[in-house]
Amino acid sequence: MSATSDRPREPAHASDDDNVRDGPVERLARWTDDRLRLAESSKKYLRKAFPAHWSFLIGEVALFSLVILILTGVFLTLFYVPSSRQVVYDGPYAPLAGQTISVAYDSVLELSFEVRAGLLMRQIHHWAALIFVAAIVVHMLRVFFTGAFRKPRELNWVIGVALLLLAFGAGFTGYSLPDDLLSGTGLRIGYSALLSIPFVGPLIGFIGIGGEFPGEDVLGRLHILHVMVLPAGLIGLVTAHMVILIRQRHTQKPSRKATNTNVVGEPLFPNQTMTSASLFAFTAAITALLGGLFEINPVWIYGPYEPFQVFAPAQPDWYMGWLEGLLRLWPAWEFTIFGVTIASAFIPGVVIPGLLFAIVFAWPWIEVRFITHDVGEHHLLQRPRDVPMRTAAGVAGITFLLVIFVAGSNDVIAADVATGLQTITNILRAAAILLPPLTGWIAYRIASGLETGPAVGGRPAAGSPQ
Amino acid sequence: MSNPTPDGTTVDELQRQREREDRAARRAAVAFLVAIVAGLALVGVYVAGGQTQLEGTLLFVALGSIGIGLGIWVRVIVGSQEVIEERPLMSAQPERRQEFVGQYEQSMGEAMSGGRRRFLLRLLAGAGASLGLALLLPFRSLGPGPQQELFTTPWREGVRLVTRDGTPIKAADIIPDQVITVFPEGATHAADAQTVLVGLRPDISTQLEHETVDDMVAYSKICTHAGCPVGLYRARVGELLCPCHQSTFGVYRGAEVLSGPAGRPLPQLPIGTDDEGFLIALSDYPTPVGPTFWNLTQDEA
C-alpha cells in the first residue's frame, strides 16, 4: 500500500552539503529522503489519526513494560549462571556464610549484593514483570467490555490472549531461575500438575526436566526458555499485534464526528508520539521507584532450594494466584477408572485452566454464535450496557477468578481472622460456585436497565442508527 | 507549531495564548533541567559505589521529569490537534477477492480438474504432517522416559535411617511428638526418599498399614497432592500439614487425608531396628511416593 507518485522524481540535484543555511530538521529530512524516499509517505503516516482516550494507553503500558523487561533482562542474563552445581557461599551476606548452595543461587546473590546497580536492575525487572501482566489484563478487560474484539479484530484478540499466556510462561520461568526455596516450590507444584496428566504426564514431565524431579538440567532449560524462546514469541506476537492494529486502524468511541467509516483522533506526529514517549518515561519512572525502594522477591531470606524444605505461608506472584487458589479449593477427588488414576491435582491444575483459556480464546466466536448473532464489521466501541449478556459473562468470569485468587491465600486469611482454615475454604468453595452467577445476574440487570433508559451525554442509545 | 487561530480571535486572546505557551515552555524547561541534574547525580552515585534506594529514586526523578516535560510540551505547546481519516472497511472489496480467487485457480494449473488438484494438495498436507511428526521426535531426546523411577525410591531392606548430615538414629533418640526428616544412608540427596519420622504418644492408639518400631512411625515427606514437603506437624492433634495447599494427614491413622486437596495417604515406610539398635527400613515404600500419576496403581508394571 505504498503511496505512488504520478510524476517522475526530480533528480537529486542538491548535494548534502548544499544550502548550509538549512536547519537540522531540513538537513535530516533531505538526507533520509534522498536515500529512502520517505517524505512522500511520511506526510500520510505522520498524520495518521489516533483516537485519544486514556483507556487506549493501557496496552502501551504493557508494551513499554516489555521494553523495560528486555533492557533489564539483558543486563541480568550477563550475570546469571544456570547451574545447579553446589558451591559453598563465601559472599558478603552473613546469614548464608558457609552454606552449600547452587551456583545459580550464588550468582543471584552476587548480582544482588556485589554487582553495582545489580539489585536495582533485578528489582526493576521483577516489578516490570508484575506491571506487564497487570497491564495486559487491564487492556484485555477494556477490549472485552467495549466489544473491541469483534470482527474484524478477532485475530488480534487471539494474539492478545496468546501474549498473556506467554507472559505467564515468562513470569513463571523467570521467578523459577534463582533456585531459592520459594521458586523451587513453585516449580515442584508445576511439575506435579504436569505429572497428573493421564497417559502422557510422566513422559512430558521427564522430558521437560530431563528425568525425575528435581533433575540436573531444569535450570538450564528454564533459562533458555526465559531469555530466548519466550521473549522471541513475545516480540514476534507483539509485532503481529501492532501490524494488524495499524492495518485495521484503531477503534473509537462513537460520537457526532466518529463513525464506523472514519477515524477521528490526534495525529501520530507530534501528538501521539510525544504522548507515548511521555508515557514510556512515566512507566519506566514508576518501575525505577518500585525497584529502588520496594523490596521484591528477597531470595536471600528464603534460602536455597532444598527439596525437603518449605516455608509457610508461600504465595506465588500475583498472576499465578488463581491457579494456586484452584489447587487449594478443589476437593480431594481422586479415582481410578479402567486402571487410569485421575489425580486430585489434574482437574484444577490442568483441565479447568485449559477450559478457561479455551473459552477466552474463542470468545469472539462464542459471542457471535450464542449472544449477538452479529457478523458485521465494527470499528465503533460499545458500552458495557450495550450487550448485557457479554457484560454479565465478563463480570461472572472476573468474580470467579477473584474468588479463586483470594483462595490462593486461604491460609493467610485464616491466620488473620483467626478462623479455621477449613471454614474459610468451604466459604470460598461456596463463593466460587454461587458468586459468579449472582454478580453476573446483577451486572445483567444493571446493563439492561441502563440500556433501555434514556441516552446519556448526547450519545445515541444502543441500536439506534449512528 | 502553534494552534490555528480561530476566526475573530482578538489580539488580547492571542497575547494570552502566547503567555500560556511561554509559561508552559518554562515549566517544561525546568522539568528537563531536573532530569539533567538527576541523570548526572545518578552517574555520581554509581561512581561513588552505588546505592540501590538512591539509584532508584534518581532514576525515578530523571525519567519522571522527562515524562512531565514531554507531557507539558505535547498538551500545552503542541496543543490538541484533530485529524479525521477515512476508514475503508476491511470487507468492502468482494470483487478484488473474486479476482484473487480466479487468479489462483488459473495459476495453480488450469489443466488439472478440481479433484486432481485436491488430491495433490491432500498428499502434500500428508507429507507435511508426517515430516512434522518426525521433526517433533528430537524433543524426545531431552530426557529419559519414566521407567521405574516414580515407583521406587532408594529405600531398601536393612538401609539405615539417617539425618541429612548422615547420622544414624536409635529408637531412643526420638521422643513423643518429635519430628525429624530422615534419608536412606548413602542417599541423603535423594529428593524422592525424604521421609518424616514422627515420635508417637504411647497413650494414643494407632491404625497403621505396615510394621513399625514402638512409638514412632515413618511416612514419605512428599505430599501426594502437588509434591511439596509435608513440613509442618501439629502435635496436639497428630496432623502433618502441607503448607502449600493445606492438606492434612492423620499421623495416628496411617497418614490418611483428614482435610485438604490431597487424594491419598502419605505412603508409610516399614521400619525396624538392626542389631546395633539403629533404625532401618524393612523395604522400599510399598506404594509410590509423591504426587499421584495415572498408572500409579499398576505397580507391577
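Guide: Gladly, and contact comes first: two residues are in contact if their C-beta atoms, placed from the backbone, lie within 7 Å. In chain A, among contacts between residues at least 6 apart in sequence, 74% join residues at least 24 apart. Please keep in mind that this is a predicted model, where local features need pLDDT of at least 70, side-chain atom pairs count only at pLDDT 80 or more, and totals for chains, interfaces and linings use all residues. Residues are numbered from 1 along each chain as its sequence is written, while chains are lettered from A and ligands numbered from 1 in the order in which they are written.

Visitor: What makes Phe60(B) buried?

Guide: A residue is buried if 20 or more other C-beta atoms lie within 10 Å of its own, exposed if 12 or fewer, and partly exposed in between, again with C-beta atoms placed from the backbone. Phe60(B) has 22 other C-beta atoms within 10 Å, so Phe60(B) is buried. Leaving aside neighbours within four places in sequence, Phe60(B) is in contact with Ala285(A), Ala288(A), Leu289(A) and Gly292(A). In chain A, 41% of the 466 residues are buried.

Visitor: Why is α3 of chain B said to lie largely in the open?

Guide: Of the 14 residues of α3(B), the number buried is zero, so this helix lies largely in the open. Helix α3(B) covers residues 94-107 and reaches 20 Å from its first C-alpha to its last, close to the 20 Å expected at 1.5 Å a residue. The expected span is 1.5 Å times one less than the number of residues. Just after α3(B), Gly109(B) takes a positive phi of about 115°.

Visitor: Where does helix α13 of chain A bend?

Guide: Helix α13(A), residues 346-372, bends by about 70° at Trp363(A), and a proline, Pro364(A), follows within four residues. The bend at a residue is the angle between axes fitted to the seven residues ending there and the seven starting there. Trp363(A) is also among the buried residues of α13(A), which include Phe346(A) and Glu367(A).

Visitor: What is a nonpolar core, and which residues touch the most other members of the largest one?

Guide: A nonpolar core is a set of buried Ala, Val, Leu, Ile, Met, Phe, Trp, Tyr and Cys residues joined through C-beta atoms within 7 Å. In the largest, of 152 residues, Phe132(A), Ala285(A) and Leu63(B) touch the most other members. Helix α5 (residues 118-145) of chain A gives the largest share, 16 residues.

Methods:
Helices (H or I, at least four residues) and strands (E, at least two) are DSSP runs, numbered from the N terminus.
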